[in-house]
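Me: Could you take me through one part of this model with care, namely the place where the ligand sits, and then show me what lies around that place?

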Amino acid sequence: MAKKINTNSESYLKMYSQMVKIRSFEDQANQLYLDAKMPGLTHMYSGEEAVAVGICEALTVKDKITSTHRGHGHCVAKGAELKQMFCELLGKEEGYCRGKGGSMHIADQSNGNLGANAIVGGSMGIATGSALRAKLNGDSDVTVCFFGDGATAQGLLYEVMNMAALWNLPVIYACENNGYSEYTATDEIAAGDILDRARAFGIEAHKVDGQDVLAVNKLATDLVARARKGEGPFFIELITYRYHGHHVGDINRTYYRSKEEEEDWKKNKDPIKILGDWLVSEKIASDDELQIIRDNIAAEAHVAVQYALEASYPNSNEVDMHVYMETT
Amino acid sequence: MRSITLSQAVNEAIAEEMRLDSSVFLIGEDVAEAGTPFKITSGLVEEFGTERVIDTPISEPGFMGLAVGAAMTGSRPIVDIMFGDFLFLIMDQLCNQAAKAHYMSGGKLNVPLVVRTNLGATRRSAAQHSQSLHALVSHIPGLKVAMPSSAYEAKGLLKTAIRDDNPVVIFEDKLMYQDKADVPEDEYLIPFGEAAVLQEGNQVTLIGTSSMRQVCEEAALILADEKISVEIIDPRTLVPLDEKTILNSAKKTGRVVVVDEGHQNFGVTAEIASRISEKAFYHLDAPVIRMGAMDVPVPFSPVLEDLTVPTAEKVASNARKIIAGELVHEL
Ligand SMILES: Cc1ncc(C[n+]2csc(CCOP(=O)(O)OP(=O)(O)O)c2C)c(N)n1
Ligand SMILES: [Mg+2]
């Protein structure tokens, strides 16, 4: 055990930093909303950090992901920089999508993020198609399709899982089950066991504690390696929780979710705290060292926000640019 | 008269029709306890119960299909499609099934359902939550299409839609949900195919659908300062379209600007402009001007998004140009 910890301590600390980075990004984004400095609305990933980080730390830059309306976490975890992310959030020219996408389409494409999708379930075909390309070309990359529990109601999922299973595609369906789709509890809108739906197609399916980044990472590392060898597809259900409302404007929400339930998750199942406690108990880092990591990242996020607030908007002639690609 | 919001008007229309006709039910995502993200259907589940105010999973093609089947066999479903953009998910059930059942069955089947959805950009919601897709469904024979431009129209048109024996798609303007208008307490219906002449004038006709009615009214105020006499028409329904009122106005003023928030290419403005050109050509003093949304996906960045929709200033400027006999080259 001790030996394993030593060789991996760097990667554990990286996971810790990445989760803190997501949390810091979301804290700043929420503040931008409260200060009326952000156009439109946004869906916070806070509370679900271990899902994106545990999975993306099992991927290489060449591996692909597809993201959702709650996509900031996936974007950070796949390697994006906070500056360009805040610029996107504020509709600035230096944003990853030149301000054209905003929160719901934020993605760092150069790191293999094929886009955040504002259509629930909209990326399931894209992820599976990316895996089909990998197989056809003999490429070794794997694609992870992130989606919520609510998205399992979209029929598209079952069409593409059938094909992925028939053709052994290197795709991993990662269902982030945070217990709710919008203002409705999952058990009111999902019949049966979600894992059984994948199993009906002969897809190997796992359930994992989405607040335990090490458990998520261990499972993902194993499945990614197997998918590369042609043993895919796979399905993972990650049990997690969103700390904020469905979106930043969803403030009065006791009619569908109790304050006690929220407090319980924040206090007892926080992914950053869980990993932090473990790092300390295993003597990989001290409390003080973790505090320094958190402070440094918070400072970095603050600088990035200030930068984005000052950054310039796109030039008006960009409005009809990128409708079609120039074919040369 | 009392003044209520568009959102309240829609709520009242649904409640009244559900009280009158037990075959009417409401189905969609978070329509019950949550009352939709726009809080439009709040209170309905308390009155009518979860059997008639039905929360669904996020399965638009599925619950749209259910509505078609229920409508074919005696129910009158109102289907809530949370954002107009999600119409693309239900296209098969709406256009291949609902729209054609009556015709394909030689008149033996019919599908009395309403799809309630919305349109409108400038909410900073980017390309998949901002589209105005009414032209798409207007293209399909068998569907009727209503475009309320205020709380008053929203209530009267929705009640008519629910009573219609055909599939109707009704588009509300998201930005108008909290806007108030005078709405009678007594029951009223607004018949389909009857445009409203909102202001009479004789130099130029502005035709504005839904969200663009307000834009035309603001443009008329600008032009009034310049002593230009403007007629304003709100078609209220696209299918059926009140051609008579539109043509009469075109013949009277000889100049028309058609304004609509759908994309301009192959859009509603093209349809209306071409009907005027065909049927009132010899009365026209200028080409009919089309003003739709720019032919680009709706961008997120506010500075770009604001460029994509027609504004009162641009409408007024185009009206001015055709009155002055200048061709409008750039819109
Ligand atoms: C096709 C479609 N239907 C409805 C919506 C509105 N909507 C946005 S997020 C959401 C809930 C999604 O729930 P889930 O998949 O569990 O993801 P979570 O928000 O919990 O992360 C809904 C209904 C949408 N964006 N797209
Ligand atoms: Mg969910």
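**The ligand site and its surroundings**

Reply: The site of ligand 1 is shared between chains, because residues from both chain A and chain B surround this ligand. Please keep in mind throughout that the model is a predicted one.

We can begin with the shell of residues around the ligand. There are 22 residues surrounding ligand 1, and the closest of them are A:His69, A:Arg70, A:Gly150, A:Asn178 and B:Glu60. Sorted by class, this shell is made up of nine nonpolar, eight polar and five charged residues.

Next come some individual atom pairs, taken one at a time. On the side of chain B, the side chain of B:Glu60 places an N or O atom 2.5 Å from a nitrogen atom of ligand 1. On the side of chain A, an N or O atom in the side chain of A:Glu182 is 3.4 Å from a nitrogen atom of the ligand, while A:Ala151 has a backbone N or O atom that lies 3.1 Å from an oxygen atom of ligand 1. As for how much of the ligand is covered, ligand 1 taken alone exposes 580 Å², and the protein buries 97% of that area.

A:Glu182 is not a glycine, and yet its phi is positive, at about 55°. This residue is placed in the loop of chain A that runs between strand S5 (180-181) and strand S6 (184-185).

Across the interface, eleven residue pairs are found in polar contact, whereas the count of salt bridges between chain B and chain A is zero.

In chain A, a cis peptide bond joins A:Gly232 and A:Pro233, with omega at about -5°, and A:Pro233 is found in the loop between helix H8 (213-228) and strand S8 (234-239) of that chain. In chain B, a cis peptide bond joins B:Val239 and B:Pro240, with omega at about 0°, and the place of B:Pro240 is in the loop between strand S12 (237-239) and helix H9 (243-253) of chain B.

Methods: Residues are numbered from 1 along each chain as its sequence is written. Chains are lettered from A and ligands numbered from 1 in the order in which they are written. This is a predicted model: local features need pLDDT of at least 70, side-chain atom pairs count only at pLDDT 80 or more; totals for chains, interfaces and linings use all residues. Side-chain values use heavy atoms; hydrogens and water are left out. A salt bridge is a side-chain nitrogen of Lys or Arg within 4 Å of a carboxyl oxygen of Asp or Glu. A polar contact is a pair of N or O atoms within 3.5 Å; within protein, one must be able to donate a hydrogen and the other to accept it, and residues adjacent in sequence count only if both atoms are side-chain atoms. A residue is near a molecule or strand if one of its heavy atoms lies within 4 Å of it. Accessible areas come from the Shrake-Rupley method with a 1.4 Å probe; for residues, only the protein chains shown count as cover. Ala, Val, Leu, Ile, Met, Phe, Trp, Tyr, Cys and Pro count as nonpolar, Asp, Glu, Lys and Arg as charged, and the others, Gly among them, as polar. Helices (H or I, at least four residues) and strands (E, at least two) are DSSP runs, numbered from the N terminus.
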